[in-house]
Amino acid sequence: MPELPEVDAVVRRLREAAANSTIHSIKVERPGTVLPHQPTDFKPLHGATILDVRRRAKHIFIHLSTNQHLHIHLRMTGNLYVLPDYRLRPHTTRLWCRLTDNRVLIFDDSRALGKVHLVSSDDIQRIESELGPEPLESAFTPALLKTILANVKSPIKPALLDQTRIAGIGNIYASEALWHARIHPATPAKDIRASKIKPLHAAIQKVLTEATASAYREYSQPGTQIASEEFGVAAYGRTGEPCPRCNTPIERIVQAARSTFFCPRCQQL
DNA sequence: TCGATCCTGTAG
DNA sequence: CTACAGGATCGA
């Protein structure tokens with residue numbers, strides 16, 4: 001279940017395994033995965049070479065020698081990896097690409113919420129233009145964060161999940177960043193004190209940087225399942241457990257239909 | 001800005 | 001059995 005650090009690790013692993021490989025054939029096991037396309041739309045890609053694999057926020061783009069791109073979003077449970085033979089694919093495989101060396105690129109997604117679309121360079125430009133800045137790039141400064149949050153009436157936690165504001169923060173690391181910055185998740189974004197902007201910016205980068213390093217280590221083994229077990233979670237999923245800073249029991253609330261975890265003592269309104 | 005929705009799997 | 005899951009979109 002990927003957030004940005006896991007997507008980044010998946011992309012890196014895939015690039016190493018599949019760049020410069022040629023697609024022998026593509027099989028769509030579940031048509032809903034490729035909607036609005038028809039499975040037959042992928043036939044012209046047979047024989048195409050994978051030029052590169054990259055990501056923008058949580059969107060993955062596989063550039064093909066036909067000058068088309070596979071636009072992949074893993075959503076909640078998607079995963080991408082290469083196996084030595086197509087017969088080894090799990091039953092939750094939604095689409096797979098057999099490569100000319102007989103290895104197979106698997107799009108595995110148990111909940112089937114993820115998507116694989118065939119797009120043009122123009123489509124990619126449009127998709128990217130609707131996304132906020134990458135939280136780990138140098139353009140994302142405390143000053144920019146301040147601008148992004150100004151006038152935003154919604155609570156900070158759901159605001160951090162809005163990909164048009166900042167692109168790449170997900171539910172776990174939003175909770176974790178707010179815990180590190182000692183900000184209550186229900187604080188209206190525009191009301192975050194100026195003195196808290198820098199700590200929040202630092203917390204976002206710290207959490208994502210550490211999670212990325214952790215995801216790289218976990219995914220260095222081919223075929224590793226998605227999970228961020230090595231990353232040291234402070235609050236997420238720890239309802240009732242003591243806050244690592246002050247021992248107050250962590251609480252769970254629901255915001256915009258997503259779970260939020262926080263320390264009611266360290267993170268006050 | 002909220003709730004429902006797309007799906008399946010797993011934990012309690 | 002029910003509740004919940006790390007995402008995103010749609011309509012009310």
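**Sheets, helices and a DNA strand**

Modeller: Happy to! The centres of domain 1 and domain 2, taken over C-alpha atoms, are 29 Å apart. Please keep in mind that this is a predicted model. Chain A splits into domain 1, covering 4-129, and domain 2, covering 142-262.

Let's begin with the sheet that holds S1. Its four strands are ordered S1-S6-S7-S5, and they form an open, antiparallel sheet. Strand S1 (23-28) and strand S5 (78-83) are the edges, each pairing on one side only. On average, neighbouring strands here are turned by 15° against each other, direction ignored. Helix H1, residues 4-18, packs on this sheet and touches S5 and S7, with its direction at about 25° to that of S5. Within the sheet, strand S6 (residues 93-99) and strand S7 (residues 104-109) run antiparallel and are joined by five bridges. One pair to look up is Cys97 with its bridge partner Leu105 in S7.

Now for the sheet that holds S2. Four strands in the order S2-S3-S4-S8 make an open sheet, again with antiparallel pairing. Here the edge strands are S2 (50-56) and S8 (115-119), each with pairing on one side only. From one strand to the next, the twist averages 20°. Strand S3 (residues 59-64) pairs with strand S4 (residues 69-73) in the antiparallel sense over five bridges, and Ile60 has Ile72 in S4 as its bridge partner. H1 turns up here too: the helix lies across S2 and S3 and runs at about 170° to S2. Helix H2 (residues 121-129) lies across S2, S3, S4 and S8, at about 160° to S3.

Around DNA strand B you will find Arg30, His91, Thr92, Ser110, Arg111, Leu113, Lys153 and Ser154. By residue class, this surface near DNA strand B has one nonpolar, four polar and three charged residues. Of the atoms of DNA strand B within 4 Å of the protein, 71% belong to sugar or phosphate, and the rest belong to bases.

The side chain of Arg30 has an N or O atom 3.0 Å from a sugar or linking oxygen of DNA strand B. For Arg111, an N or O atom of the side chain is 2.9 Å from a base oxygen of DNA strand B. Ser154 uses its backbone instead, with an N or O atom 2.9 Å from a phosphate oxygen of DNA strand B.

Note on methods. Residues are numbered from 1 along each chain as its sequence is written. Chains are lettered from A and ligands numbered from 1 in the order in which they are written. This is a predicted model: local features need pLDDT of at least 70, side-chain atom pairs count only at pLDDT 80 or more; totals for chains, interfaces and linings use all residues. Side-chain values use heavy atoms; hydrogens and water are left out. A residue is near a molecule or strand if one of its heavy atoms lies within 4 Å of it. A polar contact is a pair of N or O atoms within 3.5 Å; within protein, one must be able to donate a hydrogen and the other to accept it, and residues adjacent in sequence count only if both atoms are side-chain atoms. Ala, Val, Leu, Ile, Met, Phe, Trp, Tyr, Cys and Pro count as nonpolar, Asp, Glu, Lys and Arg as charged, and the others, Gly among them, as polar. Domain bounds come from an automatic or database domain assignment. Two strands pair if DSSP finds at least two bridges between them. Helices (H or I, at least four residues) and strands (E, at least two) are DSSP runs, numbered from the N terminus. Axes are lines fitted to C-alpha atoms, for helices over the stretch in contact, and angles run from 0 to 180 degrees between N-to-C directions. Contact means heavy atoms within 4.5 Å.
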